[in-house]
Amino acid sequence: MDQEHARPEHDDAPPTLAGPTLITVDGIEGGVARVELPDGTTADWDLASLPRGVREGDVVRLHVEHGDLEIEIDHAETDRRRTAAQSQLDALNSAAPSGEIDL
């Protein structure tokens, strides 16, 4: 197992959680979703183990309730993160020179 991966590829076993956990879907290719875990590592999960309709960039909330694993897309957190990322990009672009660049 690659050290960057906290779980084996295509592992459908539910993670062990002490409380609500947020993961981010970094990419989807075929039936595999690359997710970023809270500790910053990534793992490849079967897309079927995530909520239907999940897209790249979505934040997914994992929560154990009475021994059952609940997984849902956190639309509010997804929107918050997308807005923050867009603001950072806009700030970077506002400092960029405009017009022709002389070399």
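Predicted model: local features only at pLDDT ≥ 70, side-chain atom pairs only at ≥ 80, totals over all residues.
Residues are numbered from 1 along each chain as its sequence is written. Local features need pLDDT of at least 70, side-chain atom pairs count only at pLDDT 80 or more, totals for chains, interfaces and linings use all residues, and side-chain values use heavy atoms, with hydrogens and water left out.

**View A. Asp-44 and Arg-34 join up in a salt bridge.** That's a side-chain nitrogen of Lys or Arg within 4 Å of a carboxyl oxygen of Asp or Glu, and the structure has 5 of them. Here the N to O distance is 2.8 Å. Asp-44 sits in strand S3 (residues 42-46) and Arg-34 in strand S2 (residues 32-36), 10 residues apart. Strands (E, at least two residues) and helices (H or I, at least four) are DSSP runs, numbered from the N terminus. Asp-44 is buried at 8% relative accessible area, while Arg-34 is partly exposed at 30%. Buried means under 20%, exposed over 50%, and partly exposed in between (1.4 Å probe, protein chains only).

**View B. Arg-82 pairs with Asp-58.** Their closest N and O atoms are 3.6 Å apart. Arg-82 belongs to helix H1 (residues 75-94) and Asp-58 to the loop between S3 and strand S4 (59-65), so this pair ties together parts 24 residues apart in sequence. Arg-82 is partly exposed, at 32%, but Asp-58 is buried, at 4%.

**View C. Glu-77, Arg-80 and Arg-81 form a salt-bridge network.** Between Arg-80 and Glu-77, the closest N and O atoms are 2.6 Å apart. Both lie in helix H1, 3 residues apart, or about one turn of the helix. Glu-77 is buried at 14%, whereas Arg-80 is partly exposed at 49%.
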